[in-house]
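Have a look at the fold, then read on for the aromatic rings, a hairpin and a surface patch.

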Amino acid sequence: MQLSTKPYKTLLKLFPLYLALTLTQACGYQFRGADKPGKEGFQSLAIPLIQSTSSSLGFEGDFTSIIREEFASRSKIPMLPREKASVVLIGKVSEIRTNPLSYDTFLNTVDDEEIKYSVTNKRWLEIELDAKLIDRVGGKTLWHDKNMAERAAFEVSADPLSNRYNQKKALQEIARRLAKRVYLKTMDRF
């Protein structure tokens, strides 16, 4: 009578997986999703209105909404008012700049003289964010980044309404990128 070796071969193939699972459980290491902080983390979050030192006001509400949406869509952490949350995310736009990116060059004749001039057709919008996460009860700063910077390009034309719209779209793109960075920085700490 001959015994089959097939069950032993299957067990031998599964042994490395069994060993890996046993070792990770034995050492106390646990896998944690990026949607929630660990045991030492926080239970709730407040994200008050992002402040700005810029003279071009009015974007703070959009900026704050985009950051709140990032946390709401990717985590299970409840968002509460500042007075009730365990941690508070405080953000301040410390700088907003626009710089020329590209130009259209024109040639005109004035008084029989050819004059060459350039007009900006695309600009960079650059935003610097100072953000920190604070333990509301203890007042301890959990993380602080003074120079989170992002930029995006936008089209410029002779139409001021179109320019304003394009700049707003660039600002929203920057806010989404910064929101992802703030989210990852917050969740990686726990």
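## Rings, a hairpin and a patch

Let's start with Y183, which is buried at a relative accessible area of 1%; buried means under 20%, exposed over 50% and partly exposed in between, using a 1.4 Å probe and protein chains only. A word on the source: this is a predicted model, where local features need pLDDT of at least 70 and side-chain atom pairs count only at pLDDT 80 or more, while totals for chains, interfaces and linings use all residues. Residues are numbered from 1 along each chain as its sequence is written, and side-chain values use heavy atoms, with hydrogens and water left out.

What does the ring of Y183 pair with? The ring of F71, in an edge-to-face pair. The link joins distant parts of the chain, 112 residues apart: F71 is in helix 2 (residues 60–74) and Y183 in helix 3 (residues 160–188). Helices here are DSSP runs of H or I with at least four residues, strands are runs of E with at least two, and both are numbered from the N terminus. F71 counts as buried too, at 1% relative accessibility.

The model has three aromatic pairs, counted when ring centres of Phe, Tyr or Trp (its six-membered ring) lie within 6.5 Å; planes under 30 degrees apart are stacked, over 60 edge-to-face and the rest tilted. F59 and F63 form one of them, also edge-to-face. F59 is buried at 8% relative accessible area, and F63 is buried at 0%. Here are two of the pairs:

| Pair | Centre distance | Plane angle |
|---|---|---|
| F59 and F63 | 6.2 Å | 70° |
| F71 and Y183 | 5.1 Å | 70° |

Now the hairpin. Strand 4 (residues 113–135) and strand 5 (residues 141–155) pair in the antiparallel sense over 12 bridges; pairing takes at least two DSSP bridges. L129 has M148 in strand 5 as its bridge partner. Five residues lie between the strands, and G139 takes a positive phi near 80° in this hairpin.

Finally, F106, V110, I115, Y117 and V119 make a nonpolar surface patch of about 390 Å². Strand 4 gives the most, with three residues. F106 is found in strand 3 and is partly exposed, at 37% relative accessible area.

Methods. Patch = residues over 30% accessible without salt bridge, like charges linked within 9 Å, V, L, I, M, F, W, Y side chains within 5 Å. Areas by Shrake-Rupley, 256 points an atom, 1.4 Å probe, with all protein chains shown as cover. Salt bridge = Lys/Arg side-chain N within 4 Å of Asp/Glu carboxyl O.
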